[in-house]
Amino acid sequence: MPKTSARLLSLLSLLQARRDWPGALLAERLDISPRTVRRDVDRLRELGYPIVAFKGPDGGYRLDAGTELPPLLFDDEQAVALAVALQIATTTGAGIEDAAARALTTVRQVMPARLRRRIDTLQVTAVERPATRPDPQVDSSMLMTLSAAVHACEVLRFNYTPASPPGAGDDDRAETPPRRVQPHHLVTWGGRWYLVAWDLDRDDWRTFRADRITPRTPTGPRFTPRELPGGEVAAFVASRFRGSDGSGDWPCRGEVILDLPAAVVSRYTRDGVVEELGQNRCRLVLGSWSWPGLAATIGGFDADIEVVGPPELKHAFAHLARRYANAATDGTAKLTPPPSSH
């Protein structure tokens, strides 16, 4: 490769690595004069790269956004990461599967042979989690609209389609008035997209499924962002999906002792605390939506169980024991409902 071309690629790689580059530092990194840096920047501009100069004591250059997408330069690790991300795009629920497949083909075509071989051996099959119904797809333009409102801190007005009651069809959904919210975060959880926003009419935080949102135009006035309870969006969203009031805990939490090694139990426990009590004995603290659900989850370990507490968990085990015994004998006896989670 000619020396000038190689230098241009090195300069482009540096400009992509950070936002602002002082001219003297670029010259030092490339081992060239500041005048040569200026000439090389002009050559990249002619190729379509929007490089702007900034003034000041450490005046230099910045790779800015342009009207068209110029050729990009990736190092080996970036190229592999991009290929993997494009292969698992089918699990995002963002409706970009075809675009991701085309992008992967484009990236692969311009890769050097050594990288293409690495990508071809890295065949990833994206398998979505099992579900009783397929996750709804959200159009990418919808995600861009919601994201733009979040970025601009503009009040968003939209029609929101509520969930259908069990056994009801789409025509049975009740009409609801338009919602007015201050959008703060666009998040993905379990293959679905959600908008975390402050509901102006309810004066409280709410999470909305993106596939049920139909935005109204224009957007409203700008607002000053609020601080989420707890300050972290991941913890806040997790607490909402646990059915709590934002405390981050499950509505039902119990403690048991299992006749199993802690290493075995912890392998299958995503959101619990496991404490080793001996070679084949451990303490497990776990949460769930309901007491019967918690008891059923713990029963799945197929080991002797000692309930430490609370009493609601013991009652749930007794309730399930009667239910399972009834099922084993083909009985039809009516069972007493388990205790409430509240």
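## An aromatic cluster, backbone exceptions and a helix pair

Phe158, Tyr160 and Phe208 form one aromatic cluster in this predicted model, where local features need pLDDT of at least 70, side-chain atom pairs count only at pLDDT 80 or more, and totals for chains, interfaces and linings use all residues. Residues are numbered from 1 along each chain as its sequence is written, and side-chain values use heavy atoms, with hydrogens and water left out.

Rings of Phe, Tyr and Trp (for Trp, its six-membered ring) are paired if their centres lie within 6.5 Å, and a pair is called stacked with planes under 30 degrees apart, edge-to-face over 60 and tilted for the rest. By this rule the count comes to five aromatic pairs. In one of them, the ring centres of phenylalanine 158 and phenylalanine 208 lie 5.2 Å apart with the planes at 80 degrees, so this pair is edge-to-face. The pair links distant parts of the chain, since phenylalanine 158 belongs to strand β4 (residues 156–160) and phenylalanine 208 to strand β7 (residues 204–209), 50 residues apart; helices (H or I, at least four residues) and strands (E, at least two) are DSSP runs, numbered from the N terminus. Phenylalanine 158, at 0% relative accessibility, counts as buried, and phenylalanine 208 counts as buried at 2%, where buried means under 20% relative accessible area, exposed over 50% and partly exposed in between (1.4 Å probe, protein chains only).

Tyrosine 160 and phenylalanine 208 also form an edge-to-face aromatic pair, with 5.2 Å from centre to centre and 80 degrees between the planes. This pair again links distant parts of the chain, with tyrosine 160 in strand β4 and phenylalanine 208 in strand β7, 48 residues apart, and tyrosine 160 is buried, as is phenylalanine 208.

The backbone deserves a separate look. Most residues other than glycine have a negative phi, and most peptide bonds are trans. A cis peptide bond, however, joins threonine 217 and proline 218, with omega about -5 degrees, and proline 218 has its place in the loop between β8 (213–216) and α8 (233–241). Another cis peptide bond joins glycine 309 and proline 310, with omega about 0 degrees; proline 310 is found in the loop between β12 (305–309) and α11 (311–328).

Cysteine 153, although it is not a glycine, has a positive phi of about 55 degrees, and it is found in the loop between α7 (140–152) and β4. Aspartate 203, likewise a residue other than glycine, has a positive phi near 55 degrees and is found in the loop between β6 (192–199) and β7. Cysteine 153 counts as buried at 15% relative accessibility, whereas aspartate 203 is exposed, with a relative accessible area of 54%.

Helix α11 also takes part in a helix packing. Helix α10 (residues 291–299) and α11 pack at an angle of about 75 degrees, with their axes 8 Å apart, where axes are lines fitted to C-alpha atoms, for helices over the stretch in contact, and angles run from 0 to 180 degrees between N-to-C directions. That makes α10 roughly perpendicular to α11, on a scale where angles under 35 degrees count as roughly parallel, over 145 as roughly antiparallel, 65 to 115 as roughly perpendicular and the rest as oblique.
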